[in-house]
Amino acid sequence: MRTAKAAVMPDFHRPLEIREYPLPEALDPGMVLVRVEMAGICGTDVHLWKGQLPIPRPLILGHETVGTIVKLGEGVTTDWTGVPLSEGDRVTWYAGRLCGQCFYCVRKRQPTRCLKRRAYGITYACDTPPHFLGGYAEYHVLLPGSAIFKLTDLSTEMVIGAGCALNTAVHGIERVGISWGDIVVIQGSGPVGLAALAVAKTAGAHLTIVIGGPAHRLELAKQFGADQTISIEDVPDPGERIERVRSLSGGYGADVVIECVGIPSAVAEGWEMCRDGGKYLVLGHYGDAGPTALNPHVITRKQLTVYGSWASEPRHMAMALEFLRRAGDRFPFDRLVSHRFSLDRAAEALEATARWTSIKSAIVP
Ligand SMILES: [Zn+2]
Ligand SMILES: [Zn+2]
């Protein structure tokens, strides 16, 4: 029986360890076996490792993956967009699996909140077959009904650099809506912040202000076309940052503020950066980082509209990949992949992401 290696999270807060599991000897109809070329490390993986969502263990993390098809199960002939698939094709895939039948999938059209939603690298324990249902491994099994996307003209770095952050930003900005000429503030200069910046700029924002750090991330934000940046290192006082935003927006505040930080206290700060009648999107809290003090009076007084947006749908990933094909020159997401680690060093890769030393770490098995 052939086996392969995976970096396994045995439990919350415990270092990742290398384990070997048997590869499936035969594929059920609809399944696909992929050899992993590169797996991105998302900030969410750090939140998951810290136990911020009730997920099963042991678990193979990794929900942003590119690989090569080794074997196609019976009945799999095309990708999600209808492009023919064959063994040897380079592919990526949408990490979620939606039932398409529940109250939220069908009646309320909120499929990201599918009652039976599962996600590779998040909701599948790895101690039972087919084991390989996360990206931090030599191989990945795709279960029937997975949304697969064939990659022809996109580099692996471009896809991993954009990662789930771009899908998340496409979904979030679809919900909040940006109007032509809007002033948009983005709190956070990590992958989600940079993706939100790219989407906001192409959605009609005329002035974009990115708040974040460290300096190398703000430099990338400028390369992505941020009109103004505010460094949290140079301006550590939230009150002063709010004043900066007000003075950059004619004294009123921004039309739209997008939270991409994942730190609860950022929300109270961000509300104050909205103009009266403005919109606020909480995008960076997929993990539950805990409560924070918020004053509801601010919502009433400013007549704010506050939006939430959870993960993404396959169509958002299709749009994100199309966006990378069209606008990848303008938004060099491939440059985000700053650190590469072998599978054996997956624990270090996760730590680099937790400490914000890398822009984006990737595992190359
Ligand atoms: Zn993610
Ligand atoms: Zn459903």
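The secondary structure of the protein chain comprises 10 helices and 17 strands, where helices (H or I, at least four residues) and strands (E, at least two) are DSSP runs numbered from the N terminus. This is a predicted model, in which local features need pLDDT of at least 70 and side-chain atom pairs count only at pLDDT 80 or more, while totals for chains, interfaces and linings use all residues. Residues are numbered from 1 along each chain as its sequence is written, and chains are lettered from A and ligands numbered from 1 in the order in which they are written.

**Overall dimensions and packing**

- The C-alpha trace of the protein chain spans about 65 × 40 × 40 Å along its principal axes.
- Of the 365 residues in the protein chain, 49% are buried; a residue is buried if 20 or more other C-beta atoms, placed from the backbone, lie within 10 Å of its own, exposed if 12 or fewer, and partly exposed in between.
- Among contacts between residues at least 6 apart in sequence, 69% join residues at least 24 apart; two residues are in contact if their C-beta atoms, placed from the backbone, lie within 7 Å.

**Domains and their interface**

- The domain assignment gives domain 1 (3-152 + 332-363) and domain 2 (164-308), with bounds that come from an automatic or database domain assignment.
- The C-alpha centres of domain 1 and domain 2 are 29 Å apart.
- At the interface, 16 residues of domain 1 are in contact with 13 residues of domain 2.
- Helix α1 (residues 43-49) gives the most to the side of domain 1 that touches domain 2, namely 4 residues.
- That side of domain 1 has 8 nonpolar, 5 polar and 3 charged residues; Ala, Val, Leu, Ile, Met, Phe, Trp, Tyr, Cys and Pro count as nonpolar, Asp, Glu, Lys and Arg as charged, and the others, Gly among them, as polar.

**Nonpolar core**

- The largest nonpolar core has 112 residues; such a core is a set of buried Ala, Val, Leu, Ile, Met, Phe, Trp, Tyr and Cys residues joined through C-beta atoms within 7 Å.
- The residues with the most contacts inside this core are Ile60, Tyr136, Val184, Ala195, Ala196 and Leu197.
- Helix α3 (residues 156-176) supplies the largest share of this core, 11 residues.
- Because domain 1 (3-152 + 332-363) and domain 2 (164-308) both give residues to this core, it lies between them.
- Leucine 197 touches Ile186, Thr208, Val210, Ala221, Phe224 and Ala226, not counting residues up to four places away in sequence.

**Strand pairing**

- Strand β3 (residues 32-40) runs antiparallel to β8, and 4 bridges join them; two strands pair if DSSP finds at least two bridges between them.
- In this arrangement, valine 34 stands opposite histidine 140 in β8.
- From strand β8 (residues 139-142), Tyr139 and Val141 point one way and His140 and Leu142 the other way, and all are buried.
- Strand β13 (residues 254-259) pairs with β14 in the parallel sense over 5 bridges, and isoleucine 258 stands opposite leucine 281 in β14.
- Strand β14 (residues 274-282) is mostly covered, with 7 of its 9 residues buried.

**Backbone geometry in loops**

- The peptide bond from arginine 57 to proline 58 is cis, with omega near -5°, and proline 58 lies in the loop between α1 and β4 (65-72).
- Histidine 131, in the loop between β7 and β8, has a positive phi of about 60° although it is not a glycine.
- Histidine 131 counts as buried because it has 25 C-beta neighbours inside 10 Å.
- Glutamine 303, in the loop between α8 (296-302) and β15 (305-308), has a positive phi of about 55° although it is not a glycine.
- Glutamine 303 is exposed, with 11 other C-beta atoms within 10 Å.

**Further exposed and partly exposed sites**

- Lysine 108, in the loop between α2 (103-107) and β7 (118-119), counts as exposed because it has 10 C-beta neighbours inside 10 Å.
- Methionine 319, in helix α9 (residues 314-327), counts as partly exposed, with 18 C-beta neighbours inside 10 Å.
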